[in-house]
Amino acid sequence: MNQVGILPVSMGKPYFGDRENMEFYVRYLDDNFSEGHVLVVDSPKRYNLMALEGITEEEALGRIEEHYGNYEKMVSGMLT
């Protein structure tokens with residue numbers, strides 16, 4: 001089996017932030033593809049954070065980076 005599976009996810013969607021859901025998808029990638037990748041397809045809400053919460057661009061980017069780092073740790077811990 002020489003197929004690559006790509007799972008596009010949006011970090012802003014709670015469904016993809018749920019560990020149980022992501023474990024299912026990662027298991028599916030492992031079981032059905034010789035290589036699997038989780039692809040984050042959006043740049044999470046930088047301008048939304050700035051506009052709605054009145055924070056600076058640097059603060060918004062810091063929060064996004066923290067969120068992405070936590071997400072990356074969650075998903076990478078599931079990969080074999």
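Buried residues make up 25% of the 80 residues in this protein. Buried means under 20% relative accessible area, exposed means over 50%, and partly exposed is in between, with a 1.4 Å probe and protein chains only. A word on the source: this is a predicted model, where local features need pLDDT of at least 70, side-chain atom pairs count only at pLDDT 80 or more, and totals for chains, interfaces and linings use all residues. Residues are numbered from 1 along each chain as its sequence is written, and side-chain values use heavy atoms, with hydrogens and water left out.

Now the overall layout. The protein has four helices and two strands. Along the sequence they run β-α-α-β-α-α. These elements are DSSP runs numbered from the N terminus: helices are H or I with at least four residues, strands are E with at least two.

Next, the dimensions. The C-alpha atoms fill a box of roughly 50 × 20 × 15 Å along the principal axes. The radius of gyration is 15 Å, while a compact globule of 80 residues would be near 12 Å. That radius is taken over C-alpha atoms, and the globule rule is 2.2 Å times the number of residues to the power 0.38.

What about contacts? Of those with a separation of 6 or more, 64% join residues 24 or more positions apart. Contact here means heavy atoms within 4.5 Å.

Let's go inside. Serine 10 sits in the loop between strand 1 and helix 1 (14-17). Serine 10 is buried, at 16% relative accessible area. Which residues does serine 10 contact, leaving aside neighbours within four places in sequence? They are Phe16, Val41 and Asp42.

Asparagine 21 is in helix 2, residues 19-32. Its relative accessible area is 19%, so asparagine 21 is buried. The side chain of asparagine 21 reaches the backbone oxygen of tyrosine 15 at 3.0 Å.

Now the surface. The protein exposes about 5800 Å², and carbon and sulfur atoms supply 51% of that. Areas come from the Shrake-Rupley method with a 1.4 Å probe; for residues, only the protein chains shown count as cover. Val4, Ile6, Leu39 and Val41 make a nonpolar surface patch of about 360 Å². Isoleucine 6 belongs to strand 1, residues 4-9. Isoleucine 6 counts as exposed because its relative accessibility is 55%.

On to charges. How many salt bridges are there? The count is three. The rule is a side-chain nitrogen of Lys or Arg within 4 Å of a carboxyl oxygen of Asp or Glu.

Start in helix 2. Glutamate 23 and arginine 19 form a salt bridge at 3.3 Å, N to O. They are four residues apart in helix 2, so about one helical turn separates them. Glutamate 23 is partly exposed at 31%, and arginine 19 is partly exposed at 41%.

Then glutamate 57 and arginine 46. Their closest N and O atoms are 2.4 Å apart. Glutamate 57 lies in helix 4 (residues 57-76) and arginine 46 in helix 3 (residues 46-53), so this pair ties together parts eleven residues apart in sequence. Glutamate 57 is partly exposed at 30% relative accessibility. Arginine 46, at 23%, is partly exposed too.

Last pair: glutamate 53 and arginine 63, in a salt bridge at 2.5 Å, N to O. Glutamate 53 is in helix 3 and arginine 63 in helix 4, ten residues apart, so the pair links distant parts of the chain. Glutamate 53 is partly exposed at 44%, and arginine 63 is partly exposed at 40%.

Notes:
Polar contact = N/O pair within 3.5 Å; in protein donor to acceptor, adjacent residues only side chain to side chain. Patch = residues over 30% accessible without salt bridge, like charges linked within 9 Å, V, L, I, M, F, W, Y side chains within 5 Å.
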